[in-house]
Number of protein chains: 4
Amino acid sequence: MAAEEETGRRVPVARGGTTAPGGLSVGRLEAFSDGVLAIVITLLILEIRVPEPGEARGSLGHALAEQWPHYVSFLLSFLVVGIIWLNHHATINLLQRTDHRLLVLNLLLLLPVTVLPWPTDLLATYATEGTPADQRLAVLIYGLTSTAMAVTFNVLWRYLRRHPELHKPHVSDELLAVRNQRFTLGLAVYPVATAIGLISVPLFLALMLALALLYLLPTPDMQV
Amino acid sequence: MAAEEETGRRVPVARGGTTAPGGLSVGRLEAFSDGVLAIVITLLILEIRVPEPGEARGSLGHALAEQWPHYVSFLLSFLVVGIIWLNHHATINLLQRTDHRLLVLNLLLLLPVTVLPWPTDLLATYATEGTPADQRLAVLIYGLTSTAMAVTFNVLWRYLRRHPELHKPHVSDELLAVRNQRFTLGLAVYPVATAIGLISVPLFLALMLALALLYLLPTPDMQV
Amino acid sequence: MAAEEETGRRVPVARGGTTAPGGLSVGRLEAFSDGVLAIVITLLILEIRVPEPGEARGSLGHALAEQWPHYVSFLLSFLVVGIIWLNHHATINLLQRTDHRLLVLNLLLLLPVTVLPWPTDLLATYATEGTPADQRLAVLIYGLTSTAMAVTFNVLWRYLRRHPELHKPHVSDELLAVRNQRFTLGLAVYPVATAIGLISVPLFLALMLALALLYLLPTPDMQV
Amino acid sequence: MAAEEETGRRVPVARGGTTAPGGLSVGRLEAFSDGVLAIVITLLILEIRVPEPGEARGSLGHALAEQWPHYVSFLLSFLVVGIIWLNHHATINLLQRTDHRLLVLNLLLLLPVTVLPWPTDLLATYATEGTPADQRLAVLIYGLTSTAMAVTFNVLWRYLRRHPELHKPHVSDELLAVRNQRFTLGLAVYPVATAIGLISVPLFLALMLALALLYLLPTPDMQV
């Protein structure tokens with residue numbers, strides 16, 4: 001498979017013409033990513049169980065109240081996926097066409113995204129159960145998954161930034177620089193929150209929620 | 001992230017040109033929303049269990065009949081999601097392009113939508129089980145979720161209405177006024193049905209179903 | 001909501017212009033329907049359980065062999081959804097734009113489609129379990145669900161046929177007549193198969209599978 | 001249904017005109033396929049269970065470590081679906097329009113794709129459980145499913161290659177020949193890996209993962 005790559009031989013795609021300049025390609029990149037993001041954000045609710053009648057001292061109210069970490073972690077992961085979608089949208093929107101490497105880097109970004117429902121459930125389950133070590137491990141796994149999203153997003157971003165031939169015309173260097181600063185800063189956010197969150201699951205949840213809400217605030221460079 | 005906002009500095013998006021005026025953006029807003037709505041409407045069936053052979057006096061017929069609240073609540077939530085899709089379609093169809101705030105408001109609308117399978121299962125489970133207090137709580141939670149949909153939809157609508165620069169050309173003030181009246185009225189529907197529905201789950205289900213069917217009737221302003 | 005309808009008042013949509021003639025509308029009708037159909041066809045596999053180690057006389061082979069009705073009913077429902085997708089595609093492809101009623105009729109068609117995973121699981125479970133009456137009931141419910149698909153598809157088709165103003169230019173009467181004949185014939189297929197299938201679940205599965213494979217054969221009128 | 005086929009009669013689709021040359025058709029083929037692929041790749045995580053508190057000697061760390069085959073098989077199937085998406089994208093991108101047969105062949109390809117979560121779970125469950133015969137059977141079923149993907153993909157490819165009237169203009173014979181060689185080679189990959197993998201599940205997982213990573217490397221002919 002990779003053998004052809006090594007030869008450096010360039011296969012002519014078309015004779016005397018060109019396929020539409022990648023419009024379709026960007027379209028499918030978006031459609032597939034939107035699909036994955038929409039499914040992940042919708043599957044999250046499946047982790048929240050309906051209490052059996054008679055559970056938790058016979059009152060539905062008590063049984064529901066005991067599930068609070070599931071509601072909070074659901075909301076957190078909803079926002080995390082929503083933010084990824086907003087950033088992905090604003091980033092891919094700069095592109096006129098794509099190439100094979102960018103598609104593979106996009107798949108790499110989708111990997112931690114599809115994993116997210118599992119650490120979400122893990123975090124919710126161990127927020128009020130297990131040993132302190134178990135709880136730290138749950139925080140760590142959620143933190144690593146969200147960090148992996150930020151890292152793979154930045155890998156995609158940097159590739160895109162280094163390939164102006166894929167950009168729409170008129171994407172300004174200034175816009176790229178502003179976003180680059182913001183996305184680079186984003187690399188530090190999840191690891192720091194995770195380090196602090198090792199103290200306790202509720203602290204981690206509160207911190208991550210606050211960060212997610214902050215990220216939803218509009219910034220001038222996202223108006224494209 | 002939000003710091004740049006405070007400076008009020010406007011980042012130039014493009015030099016001497018423009019990206020396509022938001023066509024892509026509206027496209028992904030729709031694609032993501034359609035994805036979420038399609039998944040929610042399809043996941044609802046997963047809450048309906050196939051009875052174990054031998055359950056409910058050994059007859060499949062009896063076991064299926066005892067599940068009636070699940071069928072009714074499935075149908076209700078199917079229609080509720082369907083109506084949101086129709087209204088979303090008719091609303092986003094007025095737009096030529098979008099901005100960051102509108103994308104965030106759209107995410108806000110999708111939050112109660114993704115939650116819906118859970119109160120659906122809750123309502124179906126407690127329609128014939130639990131104490132009267134449990135049943136009222138199940139009605140209340142379903143009512144709050146559907147009310148949250150109406151409220152977030154109206155927030156999105158009002159933002160869109162106040163931003164004519166996002167509209168397609170020729171969207172008339174009269175059309176906006178007619179829809180505004182209808183969507184505003186819609187704010188009262190779910191709270192009133194929930195208040196009455198606290199009397200009993202079957203009454204709530206019947207009332208909500210009747211309202212949903214009424215909403216599916218065509219109105220002249222939805223022909224766009 | 002429906003009150004405005006009764007007045008017959010026509011709300012002017014646009015002043016002196018027009019929105020794009022429904023292109024977007026057909027696009028979202030397709031995107032939402034494709035989403036629902038893609039999710040249903042993919043959720044079907046979730047009904048097939050992985051046997052616990054040690055189940056069924058300690059051999060995985062035996063445990064898997066005992067699940068045969070699940071494989072057959074999975075394949076059947078996969079084909080049933082695939083056929084609906086092919087017909088939906090070929091039908092909506094004739095449209096240039098849509099209206100509110102057609103969107104509601106499309107929702108009506110998607111209702112039995114989203115239900116399908118449940119009768120699929122029911123049929124697979126009761127193929128080799130339960131009383132003969134239970135088995136006939138499972139066949140009947142699957143048969144009714146697939147018949148509901150054919151009926152709602154025909155309702156959609158007849159509405160579309162009666163509204164040439166929604167058609168693409170150059171859709172010929174002859175094409176409409178050929179398809180009308182085929183879709184009308186399709187109304188009889190599932191009820192007849194269900195009536196015969198009441199004799200036994202394996203007979204029903206075999207008959208339905210044969211019909212589904214027959215339906216996948218190309219016909220000249222589907223080349224559009 | 002198939003009777004009309006036999007007559008060979010050609011139904012005139014349009015009078016004196018033409019529908020848009022299949023752009024829509026290719027669009028829905030892609031949308032439906034993207035939907036199925038996105039859902040399958042996202043459902044895979046549902047097979048990974050969150051350990052009950054107190055399981056596996058009371059430590060979450062131990063319980064998680066014991067699930068290692070689930071993580072590896074998740075990653076493998078994520079990559080397998082990702083590769084199918086990349087190849088599907090690069091293949092359908094050559095098309096200008098589609099026909100009924102190609103849509104049916106595409107459905108045929110989606111069949112093993114939708115099945116994949118089940119052998120994934122089977123392989124993960126029996127990697128460390130069951131008899132050696134059970135483990136070989138799990139490898140065999142996963143291998144057959146992935147082989148079925150390669151075979152149905154090649155059937156689709158060969159049909160497409162033999163129908164230049166469906167191609168975009170300027171698709172070169174050289175491109176088709178290079179890809180044909182690669183896709184044909186792909187037919188051998190999964191059967192060989194499966195035959196070797198019958199020795200042990202971990203060997204099979206390692207081999208398949210290595211192959212999947214190799215497949216993600218860019219090749220010159222995939223730049224279209």
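Visitor: Which residues does C:Tyr71 touch, not counting residues up to four places away in sequence?

Guide: This is a predicted model, where local features need pLDDT of at least 70 and side-chain atom pairs count only at pLDDT 80 or more, while totals for chains, interfaces and linings use all residues. Residues are numbered from 1 along each chain as its sequence is written, chains are lettered from A and ligands numbered from 1 in the order in which they are written, and side-chain values use heavy atoms, with hydrogens and water left out. Contact means heavy atoms within 4.5 Å. With residues up to four places away in sequence not counted, C:Tyr71 touches C:Ile48, C:Leu64 and D:Trp118.

Visitor: Does C:Tyr71 count as buried, exposed or partly exposed, and why?

Guide: C:Tyr71 is in helix α4 (residues 68-92) of chain C; helices (H or I, at least four residues) are DSSP runs, numbered from the N terminus. Buried means under 20% relative accessible area, exposed over 50%, partly exposed in between (1.4 Å probe, protein chains only). Because its relative accessibility is 27%, C:Tyr71 counts as partly exposed.

Visitor: How many of the 25 residues of α4(B) are buried?

Guide: Helix α4 (residues 68-92) of chain B reaches 36 Å from its first C-alpha to its last, close to the 36 Å expected at 1.5 Å a residue. The expected span is 1.5 Å times one less than the number of residues. α4(B) is largely enclosed by the rest of the structure, because the number of its 25 residues that are buried is 21.

Visitor: What is the handedness of the crossing where α8(B) passes α9(B)?

Guide: The axes of α8 (residues 173-197) and α9 (residues 201-216) of chain B come within 8 Å and cross at roughly 160 degrees; axes are lines fitted to C-alpha atoms over the stretch in contact, with angles from 0 to 180 degrees between N-to-C directions. α8(B) and α9(B) are therefore roughly antiparallel, the term for angles over 145 degrees. A crossing is left-handed if the near helix is turned anticlockwise from the far one by less than a right angle, and right-handed if clockwise. The crossing of α8(B) with α9(B) is right-handed.

Visitor: How many charged residues are in the contact of α7(D) with α8(D)?

Guide: The axes of α7 (residues 132-161) and α8 (residues 173-197) of chain D come within 9 Å and cross at roughly 165 degrees. That makes α7(D) roughly antiparallel to α8(D). Ala, Val, Leu, Ile, Met, Phe, Trp, Tyr, Cys and Pro count as nonpolar, Asp, Glu, Lys and Arg as charged, and the others, Gly among them, as polar. The contact of α7(D) with α8(D) has 12 nonpolar residues, nine polar and, as charged residues, three.

Note on methods. Helix = DSSP H or I, 4+ residues; strand = E, 2+ residues; numbered from the N terminus. Parallel < 35°, antiparallel > 145°, perpendicular 65-115°, else oblique.
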